[in-house]
Amino acid sequence: MMDLHGIDLNLLVALDALIAERNVTRAGQRIGRTQPAMSAALNRLRGLLRDELFVRGPNGLQPTPRALELAEPISLALRNIQQTLDFTQEFDPSAAAMTFSLGLSGHTESVVLPPLIRILADRAPSVDLRVRDYASRDEATRMLDAGEVDMAVGLPPVETGRILSARLFQERFVCILRRDHPAANQPLDMERFLSLPHILVSPENEGLDVADAALATKGLKRRVAVTVQHMASAAELVAASDMVATVLESVVRQSGCSERLTVRDFPLRLNPVPFVLNWHRRNDAHPAQRWLRSCLSGAFPQVWQGSEQVCADLRQQYY
């Protein structure tokens with residue numbers, strides 16, 4: 001077996017040009033090298049391949065059988081290498097056959113996937129998706145660092161410099177009660193809000209959410225009767241009980257039981273929660289990934305309103 005460490009790729013480029021031109025000078029012009037440089041390359045090739053490769057004939061250089069044997073596979077190999085290394089800004093989604101990996105948690109999965117699947121079906125029918133779940137912002141960053149996902153949707157990442165973000169959408173928190181709840185037809189003021197048993201949504205079972213944080217600023221505390229990990233579960237429980245829950249607004253629409261729920265504003269001001277598209281800096285210029293990021297951004301054209309870092313000081317992270 002020949003030791004590939006001793007082969008300069010430029011020698012194969014020179015051989016391909018010599019086979020095409022059958023003339024040292026013209027072959028050099030073809031690849032931008034001088035006649036002496038091409039002669040030196042031919043001498044090195046003869047030594048490496050242990051064959052004359054070209055002999056002089058009445059019409060220029062004539063390839064040996066060995067050179068003719070090498071012509072097609074070397075030309076094909078060089079084209080494949082060129083296509084592999086040729087970085088362009090073009091990506092044709094209609095002809096692409098590839099798989100993207102997305103980091104999506106339960107809530108963002110239900111928000112992001114429906115419009116994205118419609119876009120792919122229309123513009124990129126042979127592009128597939130592989131969705132990975134994650135529970136925390138740190139885990140999303142780890143997955144991006146490890147290359148386990150191409151991008152992830154969630155809260156803005158902890159500033160690292162290597163994880164880039166683009167605003168995607170934001171959601172506000174609302175309170176929900178069952179439609180025939182005794183308090184459903186009355187204003188949900190603070191006194192009534194605190195008198196009700198609550199369902200806490202705590203994905204990591206930490207017993208803390210933005211509602212508790214907002215209440216704590218006023219020296220208030222509510223009674224948490226049930227703690228669950230998923231907002232969709234909270235909607236179902238509220239629809240079948242006298243409890244109240246504080247959830248993201250889209251959860252009500254996607255719950256399948258919205259007709260059995262009443263939506264009320266939280267009795268204190270809660271800033272909307274920002275959800276962003278996160279990706280690793282190493283993938284920033286990749287044409288296919290740039291295209292997918294533009295699709296995701298286009299799927300959520302809502303105006304991004306100014307929002308404070310509502311979750312910045314909370315251990316509990318919503319995704």
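Me: Before we start, what should I know about the model and its numbering?
Reply: The model is predicted, with local features needing pLDDT of at least 70 and side-chain atom pairs counting only at pLDDT 80 or more, while totals for chains, interfaces and linings use all residues. Residues are numbered from 1 along each chain as its sequence is written, and side-chain values use heavy atoms, with hydrogens and water left out.

Me: How many helices and strands are there in the protein?
Reply: Helices (H or I, at least four residues) and strands (E, at least two) are DSSP runs, numbered from the N terminus. Here the protein has eleven helices and twelve strands.

Me: What share of the residues is buried?
Reply: Buried means under 20% relative accessible area, exposed over 50%, and partly exposed in between (1.4 Å probe, protein chains only). Of the 319 residues, 44% are buried. The accessible surface, from the Shrake-Rupley method with a 1.4 Å probe, comes to about 17,000 Å², and 50% of it belongs to carbon and sulfur atoms.

Me: How many disulfides does the structure hold?
Reply: A disulfide is a covalent bond between the sulfur atoms of two cysteines. In the model it is a pair of cysteine sulfur atoms within 2.5 Å, and the structure holds zero. Cys 175 counts as buried because its relative accessibility is 0%, and Cys 295 counts as buried because its value is 2%.

Me: How do I read the packing of helices H1 and H3?
Reply: Two packed helices are described by the angle between their axes and the distance between the axes. Axes are lines fitted to C-alpha atoms, for helices over the stretch in contact, and angles run from 0 to 180 degrees between N-to-C directions. The axes of H1 (residues 9-21) and H3 (residues 35-49) come within 10 Å and cross at roughly 105°. The two helices are therefore roughly perpendicular, a label for 65 to 115 degrees. Contact means heavy atoms within 4.5 Å; among the residues making it are Leu 11 and Leu 15 of H1 and Met 38 and Leu 45 of H3.

Me: What about strands: in which sense do S1 and S2 pair, parallel or antiparallel?
Reply: Strands of a sheet pair through backbone hydrogen bonds, either parallel or antiparallel. Two strands count as paired if DSSP finds at least two bridges between them. S1 (residues 54-57) and S2 (residues 60-63) are antiparallel, with four bridges. Arg 56 has Leu 61 in S2 as its bridge partner, and two residues lie between the strands of this hairpin.

Me: Can we zoom in on H6? What does Thr 141 contact?
Reply: Thr 141 is part of H6 (residues 137-146). Beyond its neighbours within four places in sequence, Thr 141 contacts Pro 157, Arg 162 and Ile 163. Thr 141 counts as buried because its relative accessibility is 13%.

Notes. Angles under 35 degrees count as roughly parallel, over 145 as roughly antiparallel, 65 to 115 as roughly perpendicular and the rest as oblique.
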